[in-house]
Amino acid sequence: MQLTKTIVTALSLPKGRTDHIFWDDELPGFGLRLRGGTRRFVIQYRFAGQSRRESLGDPRKVSLDDARRAARARFAKLELGVDPGADRAQAKAAPKPRG
């Protein structure tokens, strides 16, 4: 299914499911995850033989176009051989300033 603004707000969990990802036909690896009462744009990719999934934000705060743009940027890093999740890992590992 091609995700649109209308579809993103109208989707609901399939009967009997508590977690489901609706994948976008326009951009493979990009989707909308419904889990309990939350919605998140996500990407899923493989890097160094490992499958990874990353949240791109809440659709109430991040537009569909912005989420697609962020997903494309991360997929471009993959094509260049760079782990898109490495930035987040480095940010988590960096010491936090005191203050």
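This is a predicted model: local features need pLDDT of at least 70, side-chain atom pairs count only at pLDDT 80 or more; totals for chains, interfaces and linings use all residues.

Student: OK, what's the strand order in the open sheet, and how do the strands pair?

Tutor: The order is 1-2-3-4, four strands in an open sheet with antiparallel pairing. Strand 1 (19-23) and strand 4 (50-57) are the edge strands; each has a single partner, so one side of each has no neighbour in the sheet. On average, neighbouring strands are turned by 35° against each other, ignoring direction.

Student: How many bridges between strand 2 and strand 3?

Tutor: Six bridges, in the antiparallel sense, between residues 30-35 and residues 38-47. As for who faces whom, R35 stands opposite T38 in strand 3.

Student: And which strands does helix 2 lie across?

Tutor: Helix 2 lies across strand 2, strand 3 and strand 4. Its angle to strand 3 is about 15°.

Student: Switching to rings. How many aromatic pairs are there?

Tutor: The count is one aromatic pair. F30 and F41 form it, and they are stacked, with 5.8 Å centre to centre and 15° between the planes.

Student: Where do F30 and F41 lie?

Tutor: F30 is in strand 2 and F41 in strand 3, so the pair ties together parts eleven residues apart in sequence.

Student: Are F30 and F41 buried or exposed?

Tutor: Both F30 and F41 are buried.

Student: Now charges. How many salt bridges does the count come to?

Tutor: Nine salt bridges. One of them joins the side chains of R33 and D19, at 2.7 Å from N to O. R33 sits in strand 2 and D19 in strand 1, so that pair ties together parts 14 residues apart in sequence.

Student: Is R33 buried or exposed, then?

Tutor: R33 is buried, with a relative accessible area of 16%. D19 is partly exposed, at 26%.

Student: What about D83, where is that found?

Tutor: D83 is in the loop between helix 2 (64-79) and helix 3 (86-93). The side chains of D83 and R52 meet in a salt bridge, 2.3 Å from N to O. That pair links distant parts of the chain, the loop on the D83 side and strand 4 on the R52 side, 31 residues apart.

Student: Why does D83 count as buried?

Tutor: Because its relative accessibility is 13%, and buried means under 20%. R52 has 24% relative accessibility, so R52 counts as partly exposed.

Student: What else is D83 in contact with?

Tutor: Leaving out neighbours within four places in sequence, D83 is in contact with Y45, F47 and R52. With Y45, there's a polar contact between the two side chains, at 3.5 Å.

Student: Which residue does E54 form a salt bridge with?

Tutor: R74, with the closest N and O atoms 2.5 Å apart. E54 lies in strand 4 and R74 in helix 2, so the pair ties together parts 20 residues apart in sequence. E54 is buried, with a relative accessible area of 6%.

Student: Last one: which residues are linked in a network of salt bridges?

Tutor: D24, E26, R68 and R72 are linked in such a network.

How values were computed: Residues are numbered from 1 along each chain as its sequence is written. Side-chain values use heavy atoms; hydrogens and water are left out. Helices (H or I, at least four residues) and strands (E, at least two) are DSSP runs, numbered from the N terminus. A polar contact is a pair of N or O atoms within 3.5 Å; within protein, one must be able to donate a hydrogen and the other to accept it, and residues adjacent in sequence count only if both atoms are side-chain atoms. Contact means heavy atoms within 4.5 Å. Two strands pair if DSSP finds at least two bridges between them. Axes are lines fitted to C-alpha atoms, for helices over the stretch in contact, and angles run from 0 to 180 degrees between N-to-C directions. Rings of Phe, Tyr and Trp (its six-membered ring) pair if their centres lie within 6.5 Å; planes under 30 degrees apart count as stacked, over 60 as edge-to-face and the rest as tilted. Buried means under 20% relative accessible area, exposed over 50%, partly exposed in between (1.4 Å probe, protein chains only). A salt bridge is a side-chain nitrogen of Lys or Arg within 4 Å of a carboxyl oxygen of Asp or Glu.
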